[in-house]
Amino acid sequence: MSSTLLEARAIDKHFGGVTALRNVSLTIRQGEIYGLIGPNGAGKTSFFNVLTGLYHPDGGELIFAGEKLQASAPHKVAKLGIARTFQNIRLFGNMTAMENVMVGRHVRTHAGVFGAVLHDRRTTREEAAIRRRAEELLNYVNIADRADDLARHLSYGDQRRLEIARALATDPKLLALDEPAAGMNGTETASLRELIEGIRKDGITVLLIEHDVKLVMGLCDRVAVLDYGEKICEDVPSLVQKDPKVIEAYLGGSIA
Amino acid sequence: MTSMSSLNALRTDKRMVIAATVIMGIALAVLPFIIGSGLGNSWLRILNFALLYIMLALGLNIVVGFAGLLDLGYIAFYAVGAYLYALLASPHFGLHLPVWVIIPAGAALAGIFGALLGAPTLRLRGDYLAIVTLGFGEIVRIFLNNLNAPVNITNGPQGISGIDPIHLGGFTLAKPISLFGFTLPSLHAYYYLFLALALFIVFVTIRLENSRIGRAWVAIREDEIAAKSCGINTRNIKLLAFTMGASFGGVAGGLFAGFQGFVSPESFNLMESVMVLCMVVLGGMGNIPGVILGGILLTILPEIFRHGSGPVQVAIFGKILLDPEALRMLLFGLALIVVMLYRPAGLWPSTTRRREFRGDSTNDVLKEGE
């Protein structure tokens with residue numbers, strides 16, 4: 001519970017003159033659920049994109065499981081063990097749910113063109129293993145009955161679950177969820193919460209961006225709050241809720 | 001359904017597949033004899049070209065249909081394969097290498113050209129990619145047109161003639177082959193060779209489609225950012241699509257040169273690229289049977305218009321009012337518009353694409369209601 005999995009050191013990110021992230025440092029420990037909250041436009045998703053290699057940071061560095069993350073190489077980040085979901089769901093819409101999860105296994109498998117064409121023993125065995133694992137994961141997120149449906153035809157909540165299953169298929173050490181409860185009703189959120197707790201129980205560390213304060217406060221071990229690209233607070237939920245700076249960021253402070 | 005009856009269903013299913021395969025095999029085997037005796041040798045030649053175009057369409061389908069990368073210069077790879085054959089097996093350089101060396105070499109060289117085209121275009125998509133690939137196709141053609149000075153490599157616009165016909169074993173396919181008292185005419189022999197290679201390419205494509213690589217291609221087509229985040233090295237996988245697609249073109253090009261005995265730059269113009277793209281789109285992008293159908297139809301239909309429109313006009317008007325060649329393109333354009341209006345997913349789309357174009361959310365609602 002105590003060893004560090006991810007350390008962000010003084011991350012900066014600008015878009016032209018706009019500062020998205022300023023000097024953001026945070027530490028995520030092995031096995032915890034870490035929440036990242038903040039008002040709209042605070043830089044939460046920008047941090048995600050820097051973390052997963054989609055954005056090149058203008059300053060600072062990320063250390064993951066003892067290795068420095070290479071900027072602008074999302075596939076390498078995935079290989080090191082960070083998987084993510086997207087705020088506006090990004091599934092492979094015209095592939096089936098099953099195939100979506102199978103794509104997630106790409107990074108842990110090896111078959112190339114020759115294997116695919118020749119169907120040698122290793123390839124057929126690997127392909128069977130991919131399929132088996134994908135079935136397991138669809139079961140795990142409770143959408144096994146939709147396995148053969150196109151991802152784009154799944155209901156909103158199921159699409160969120162499918163995205164999590166696809167991310168889990170990469171065997172991540174850290175699962176980064178970008179607003180997984182957005183647009184969900186109460187029941188869906190409750191079962192999502194169970195799912196995330198189950199994932200943590202399986203030994204996967206979770207980084208959670210969420211607007212649903214109740215969910216974050218109930219689920220997370222520690223929470224960081226971003227406001228205007230700066231980290232203004234990092235603590236256990238009960239203390240974060242009482243922090244005057246956090247209250248000011250969310251409710252607006254006195255007129256200066 | 002009880003397990004017994006489903007088992008029976010499976011058995012009949014399997015029997016059906018075997019029966020269909022046997023019937024298809026016999027049909028493909030006797031096809032050249034039926035067409036040769038019924039319609040004559042010119043139609044047999046067209047049939048052989050249909051097989052070449054099927055290979056091209058299947059190659060382009062990997063790039064456009066699977067990986068979703070619009071390529072308007074695909075015919076360049078056909079040209080690379082054809083010219084390699086022409087240079088290595090003709091009096092032009094005095095080289096006469098055997099076909100089993102040239103065709104694989106043509107596939108490899110075209111594959112390298114595919115990677116060369118792919119590398120600078122990795123960040124481009126859609127219209128931008130189309131423009132660059134279009135330019136690439138034209139560059140290759142213009143090079144072939146002008147590489148006759150200061151050193152004469154391609155013989156310029158005159159092209160290279162006197163290319164060796166394809167030799168297999170001790171036989172040349174240019175002359176009728178006599179085996180065990182049975183004579184196989186040249187066009188028939190080429191047909192069987194082309195058919196074998198086309199079937200091989202179909203087999204490779206099917207295997208690739210249902211593999212880790214095939215899924216990665218489709219994932220890139222669907223959402224490149226999500227594909228990257230799933231750990232797909234999109235650069236390598238895209239280059240692989242360009243290389244594989246191009247190598248099929250290289251094979252078809254080599255066969256073309258050996259079959260035709262003559263190559264010149266004008267065989268590889270933009271219109272040819274567009275034609276192959278039409279085969280892929282019209283037949284049903286991403287769906288192998290659809291692409292094959294597209295290849296057959298778009299090779300044969302223009303020929304029917306070409307051969308048929310003159311006599312029909314004479315029969316109706318007593319004279320030829322419209323030049324058959326112009327009419328051919330007119331009808332071809334009309335056919336394209338009609339298909340795109342009424343079957344936007346192609347004539348034979350994959351089940352997935354069909355659902356996609358129907359936007360079949362009602363289907364899902366029904367399923368939940370049941």
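The model is predicted, so local features need pLDDT of at least 70 and side-chain atom pairs count only at pLDDT 80 or more, while totals for chains, interfaces and linings use all residues. Residues are numbered from 1 along each chain as its sequence is written, chains are lettered from A and ligands numbered from 1 in the order in which they are written, and side-chain values use heavy atoms, with hydrogens and water left out.

Helix α10 of chain B covers residues 270–284. Helices (H or I, at least four residues) and strands (E, at least two) are DSSP runs, numbered from the N terminus. The expected span of a helix is 1.5 Å times one less than its number of residues. Buried means under 20% relative accessible area, exposed over 50%, and partly exposed in between (1.4 Å probe, protein chains only). In α10(B), 11 of the 15 residues are buried, so the helix is largely enclosed by the rest of the structure. Among them are B:Glu272, B:Met275, B:Leu277 and B:Cys278. The buried residues pack against four helices of chain B: α2 (41–66), α3 (75–88), α11 (288–317) and α12 (324–342). Just after α10(B), B:Gly286 has a positive phi of about 85 degrees.

In chain A, A:Met102 lies in helix α3 (residues 97–104). Its relative accessibility is 2%, so A:Met102 counts as buried. Contact means heavy atoms within 4.5 Å. Leaving aside neighbours within four places in sequence, A:Met102 is in contact with A:Glu127, A:Ile130, A:Arg131, A:Ala134 and B:Arg215. A:Met102 and A:Glu135 are 33 residues apart in sequence, yet their C-alpha atoms are 9.0 Å apart in space.

Cysteines were then examined. A disulfide is a covalent bond between the sulfur atoms of two cysteines. Here the rule is a pair of cysteine sulfur atoms within 2.5 Å. The count comes to 0 disulfides over all chains. For A:Cys220, the nearest cysteine sulfur is that of A:Cys233, 13 Å away. A:Cys220 counts as buried because its relative accessibility is 7%. B:Cys230 is buried too, at 4%.

A nonpolar patch lies on the surface of chain B. Patches are made of residues with over 30% relative accessible area and no salt bridge; like charges are joined within 9 Å, and nonpolar side chains (Val, Leu, Ile, Met, Phe, Trp, Tyr) within 5 Å. This patch is formed by B:Phe93, B:Leu95, B:Leu97, B:Trp100, B:Val101, B:Val151 and B:Ile153. Together they have about 640 Å² of accessible area, by the Shrake-Rupley method with a 1.4 Å probe, where only the protein chains shown count as cover for residues. B:Val151 lies in the loop between α5 (126–146) and β3 (160–161) of chain B. At 56% relative accessibility, B:Val151 counts as exposed. B:Pro150 lies in the loop between α5 and β3 as well. The peptide bond from B:Ala149 to B:Pro150 is cis, with omega near -5 degrees.

Positive phi values also occur in chain A. A:Asn23 is not a glycine, but its phi is about 55 degrees. A:Asn23 is placed in strand β2 (residues 18–29). A:Ala65 has a phi near 50 degrees and is found in the loop between β4 (59–64) and β5 (67–68). At 39% relative accessibility, A:Ala65 counts as partly exposed.

Salt bridges complete the picture. A salt bridge is a side-chain nitrogen of Lys or Arg within 4 Å of a carboxyl oxygen of Asp or Glu. In one of them, the closest N and O atoms of A:Arg222 and A:Glu32 are 2.9 Å apart. A:Arg222 lies in strand β9 (residues 222–227) and A:Glu32 in the loop between β2 and β3 (33–37), so the pair ties together parts that are 190 residues apart in sequence. A:Arg222 is buried, at 11%, and A:Glu32 is buried, at 2%. Another pair is A:Arg200 and A:Asp221, with closest N and O atoms 2.7 Å apart. A:Arg200 is partly exposed, at 23%, and A:Asp221 is partly exposed, at 23%. A:Arg9 pairs with A:Glu7 at 3.3 Å. A:Glu7, A:Arg9, A:Glu61 and A:Lys68 are linked in a network of salt bridges.
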